[in-house]
Amino acid sequence: MTITIAANGVPKPPADIIEGFRGAPTSVISDNLARLSGAVGLKPYHRGGKLVGTAFTVRTRSGDNLAIHRALELVGPGDVIVVDGGGDETRALVGEIMKNIAQWRKAEGYVIDGAIRDVAAFAADDFPCFARAVIHRGPYKNGPGEINVPVSIGGSVVSPGDIVVGDEDGVVSFPAPSAAALLDAVRAQIAREEETLKTIREGRYQGSYGKS
């Protein structure tokens, strides 16, 4: 069946904006997105490390990974492979070989609304992978699918070129044009929270948390 490719690549925001989010917790980013954006039900399967990059999106039929194989021919540095697998947990869409292909292509990682397998290989590596479940059963490779179209990931809409950030708490995404203002707000909240923690450590806390 047909794999539709809306675009062979995605636009990249300035590198300093991307890197600015590497030190930003997803929880604080979420707070500054009105606590509305971000995938629900996905968890990290890699050993450790932050996921930061731009969304290279894939929509595939449940249990079928042909479109992901096609996407792996196109992805490159800075791309996060974001896969809308419909939340299906009955067949793994990605395993160790596809992890290694993505690394070879210098992609930043995977976000998969579906299942993976070869979980030990992910757990032994810092290459980021967020998914919904693990299962031994492999996928079909028949299609159809779409590449670089808006997708739904854990109830959150992700568009090609959106910035994607993942850590131990989960995954958030947001449009690149709003990233600079969001980064300023995130940094301001981090500073406030660090000051609150300092007052607690020093015995000066006055109950200000949650009132500002």
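**View 1. A nonpolar surface patch includes Tyr 209.**
Leu 197, Ile 200, Tyr 205 and Tyr 209 make a nonpolar surface patch of about 440 Å². Patches take residues with over 30% relative accessible area and no salt bridge; like charges are joined within 9 Å, nonpolar side chains (Val, Leu, Ile, Met, Phe, Trp, Tyr) within 5 Å. A salt bridge is a side-chain nitrogen of Lys or Arg within 4 Å of a carboxyl oxygen of Asp or Glu. Accessible areas come from the Shrake-Rupley method with a 1.4 Å probe, and for residues only the protein chains shown count as cover. Tyr 209 lies in the segment after helix H6 (179–201). Helices (H or I, at least four residues) and strands (E, at least two) are DSSP runs, numbered from the N terminus. Tyr 209 is exposed, at 60% relative accessible area. Buried means under 20%, exposed over 50%, and partly exposed in between (1.4 Å probe, protein chains only).

This is a predicted model, in which local features need pLDDT of at least 70 and side-chain atom pairs count only at pLDDT 80 or more, while totals for chains, interfaces and linings use all residues. Residues are numbered from 1 along each chain as its sequence is written, and side-chain values use heavy atoms, with hydrogens and water left out.

**View 2. Arg 59 forms a salt bridge with Asp 84 and another with Glu 146.**
The structure holds twelve salt bridges. In one of them, the closest N and O atoms of Arg 59 and Asp 84 are 3.9 Å apart. That pair links distant parts of the chain: Arg 59 sits in strand E3 (residues 51–60) and Asp 84 in strand E4 (residues 79–84), 25 residues apart. Arg 59 is partly exposed, with a relative accessible area of 30%. Asp 84 is buried, at 10%. Arg 59 also meets Glu 146, at 2.5 Å from N to O. Glu 146 belongs to strand E8 (residues 145–147), so its pairing with Arg 59 of E3 ties together parts that are 87 residues apart in sequence. Glu 146 is partly exposed, at 28% relative accessibility.

**View 3. Arg 61 and Asp 64 form a salt bridge.**
The closest N and O atoms of this pair are 3.4 Å apart. Are the two partners buried or exposed? Arg 61 is partly exposed, with a relative accessible area of 38%. Asp 64 is buried, at 0%.

**View 4. Strand E6 pairs with E4, E5 and E7.**
Eight of the eight residues of E6 (residues 109–116) are buried, so this strand is largely enclosed by the rest of the structure. Two strands pair if DSSP finds at least two bridges between them. E4 and E6 run parallel and are joined by five bridges. Here Asp 84 stands opposite Asp 113 of E6. Strand E5 (residues 92–94) pairs with E6 in the parallel sense over two bridges. Ala 92 has Ala 115 as its bridge partner in E6. E6 also pairs in the parallel sense with strand E7 (residues 129–134), over five bridges. Ile 116 stands opposite Val 134 in E7.

**View 5. Phe 21 and Phe 174 form a tilted aromatic pair.**
The structure holds two aromatic pairs. Rings of Phe, Tyr and Trp (its six-membered ring) pair if their centres lie within 6.5 Å; planes under 30 degrees apart count as stacked, over 60 as edge-to-face and the rest as tilted. For Phe 21 and Phe 174, the centres are 4.9 Å apart, with 50° between the planes. Phe 21 lies in the loop between helix H1 (15–20) and helix H2 (26–31) and Phe 174 in strand E12 (residues 170–174), so the pair ties together parts that are 153 residues apart in sequence. Both Phe 21 and Phe 174 are buried.

**View 6. Tyr 110 and Phe 127 pair edge-to-face.**
Their ring centres are 6.2 Å apart and their planes are at 85°, so the pair is edge-to-face. This pair links distant parts of the chain: Tyr 110 in strand E6 and Phe 127 in the loop between helix H5 (119–123) and E7, 17 residues apart. Tyr 110 and Phe 127 are both buried.

**View 7. Leu 72 touches residues including Tyr 110.**
Leu 72 is found in the loop between helix H3 (66–71) and E4. Leu 72 is buried, with a relative accessible area of 5%. Which residues does Leu 72 touch, not counting those up to four places away in sequence? They are Ile 81, Met 98, Ile 101, Ala 102, Arg 105 and Tyr 110. Contact means heavy atoms within 4.5 Å. Leu 72 and Arg 105 are 33 residues apart along the chain, and their C-alpha atoms are separated by 7.6 Å.
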